[in-house]
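Hello,

Here is the structure I promised to pass on. My notes on its helix packing follow below.

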Amino acid sequence: MADRRREGRKERDEEPQGAVGGEDVIDDPILEQAAVVLRGYVIERMDTDDPGRRVSSEDLGGRSEEQQDPQIKEVVQHLIKISDELNSNVELQRLINQVQADCAYEVFMKVVRRLFAEGINFGRIVALFHLAYKLIYKALTTNHLDTIRTIFSWFLQVIREQLYTWLVQHGGWVGIIRHVPRWRTVAVVASVVLVAAFVYYRKTR
């Protein structure tokens with residue numbers, strides 16, 4: 001148990017910094033857009049889920065004008081449209097709501113590993129965004145603000161280490177959303193795989 005805790009601390013210490021809690025310093029377009037899109041997703045999703053709670057790009061480590069980019073807006077809106085299916089999944093919400101802030105790292109990494117264990121598609125990427133959002137939202141509403149920066153770092157680590165090549169091959173963020181033919185199908189896939197990944201985590205924890 002102690003060894004696992006030491007390993008967890010070591011992995012957190014090695015995570016990329018600069019994703020939140022200060023302006024982004026990422027110079028790779030795929031990774032930079034991933035951070036900007038996630039911030040946009042969090043802002044838009046929170047505006048629907050919790051209208052009384054306002055959050056800005058600056059609050060999440062970004063720039064005030066970054067969400068004005070038409071391409072970023074397009075990607076975010078497509079993600080939001082698909083994620084409505086995830087948000088309406090009662091079982092998924094129940095599983096996520098059971099996650100405690102102090103074990104978010106273990107949850108995120110185990111669920112993500114399971115999420116992409118059988119391959120990569122846009123539905124699974126949407127599920128990744130939604131998982132990151134739900135953990136960020138939990139951190140905001142429970143006053144674990146220091147956790148937000150860390151979640152962004154985990155998210156970018158997954159993009160860089162597991163999804164980067166696939167994203168490049170499919171034309172980046174704008175490219176993939178323009179080549180997804182059936183949004184409803186993608187939404188259902190995202191919902192199913194994320195629930196399955198959480199169930200797997202609960203069985204193996």
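A crossing is left-handed if the near helix is turned anticlockwise from the far one by less than a right angle, and right-handed if clockwise. By that rule, H2 passes H6 in a right-handed crossing. Helices here are DSSP runs (H or I, at least four residues), numbered from the N terminus.

Two points on the source. This is a predicted model, so local features need pLDDT of at least 70 and side-chain atom pairs count only at pLDDT 80 or more, while totals for chains, interfaces and linings use all residues. Residues are numbered from 1 along each chain as its sequence is written, and side-chain values use heavy atoms, with hydrogens and water left out.

H2 on its own

H2 has 21 residues. From first C-alpha to last it reaches 29 Å, close to the 30 Å expected at 1.5 Å a residue (1.5 Å times one less than the number of residues). Aspartate 28 caps its N-terminal end. A side-chain oxygen of aspartate 28 lies 2.9 Å from the backbone nitrogen of isoleucine 30.

H2 with H6

These two pack at an angle of about 60°, with axes 10 Å apart. Axes are lines fitted to C-alpha atoms, over the stretch in contact, and angles run from 0 to 180 degrees between N-to-C directions. Contact means heavy atoms within 4.5 Å. On the H2 side, the contact residues include Leu38, Tyr41 and Arg45; on the H6 side, they include Phe129, Tyr133 and Ile136. By class, the contact has twelve nonpolar, one polar and two charged residues (Ala, Val, Leu, Ile, Met, Phe, Trp, Tyr, Cys and Pro are nonpolar, Asp, Glu, Lys and Arg charged, and the others, Gly among them, polar).

H2 with H7

The axes of H2 (residues 29-49) and H7 (residues 145-169) come within 10 Å and cross at roughly 125°. That makes H2 oblique to H7 (under 35 degrees is roughly parallel, over 145 roughly antiparallel, 65 to 115 roughly perpendicular, the rest oblique). This crossing is right-handed. Among the residues in contact are Ile30 and Leu31 of H2 and Phe152 and Tyr164 of H7.

H6 with H7

The axes of H6 (residues 122-141) and H7 come within 9 Å and cross at roughly 170°. H6 is therefore roughly antiparallel to H7. Their contact has 19 nonpolar, one polar and no charged residues.

Best wishes

Methods
A polar contact is a pair of N or O atoms within 3.5 Å; within protein, one must be able to donate a hydrogen and the other to accept it, and residues adjacent in sequence count only if both atoms are side-chain atoms.
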